[in-house]
Amino acid sequence: MYPPVQDEYLYVKPNQHSGFPLDCYKYNSPIDGTEPDLSKYPAYQHAEVLEFDQLPGELLFIPTGWYHQVSKLMFSIGMAALNGQ
């Protein structure tokens with residue numbers, strides 16, 4: 001996960017929207033966190049990542065604006081709530 005103040009290191013394009021049906025601000029980065037291309041995205045080397053393992057039975061809340069990338073080590077089920085619902 002990356003805190004939202006690191007847009008400059010993640011090469012985020014400003015003012016993007018997700019479109020229908022959400023039509024909300026889109027938080028994304030073109031960088032693959034597992035295999036970053038530092039020749040194409042050199043500022044990424046300054047990004048501070050928070051990396052952890054989520055264990056069975058644990059719940060993770062990701063606030064708006066936090067970039068994240070998921071790697072599953074085993075079968076799992078994920079859920080997402082929209083607009084705090």
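Which residues make a nonpolar surface patch of about 500 Å²? In this predicted model, where local features need pLDDT of at least 70, side-chain atom pairs count only at pLDDT 80 or more, and totals for chains, interfaces and linings use all residues, the patch is made by Phe75, Ile77 and Met79. Residues are numbered from 1 along each chain as its sequence is written, and side-chain values use heavy atoms, with hydrogens and water left out.

Phe75 lies in the segment after α1, and at 73% relative accessibility Phe75 counts as exposed (exposed is over 50%, buried under 20%, partly exposed in between, with a 1.4 Å probe and protein chains only).

The chain as a whole has 1 helix and 0 strands, where helices (H or I, at least four residues) and strands (E, at least two) are DSSP runs numbered from the N terminus. Of its 85 residues, 14% count as buried, and the accessible surface comes to about 7300 Å², 56% of which belongs to carbon and sulfur atoms.

Tyr11 is found in the segment after α1 (7-10). Most residues other than glycine have a negative phi. Tyr11, although not a glycine, has a positive phi of about 55 degrees, and with 28% relative accessibility Tyr11 counts as partly exposed.

Note on methods:
Areas by Shrake-Rupley, 256 points an atom, 1.4 Å probe, with all protein chains shown as cover. Patch = residues over 30% accessible without salt bridge, like charges linked within 9 Å, V, L, I, M, F, W, Y side chains within 5 Å. Salt bridge = Lys/Arg side-chain N within 4 Å of Asp/Glu carboxyl O.
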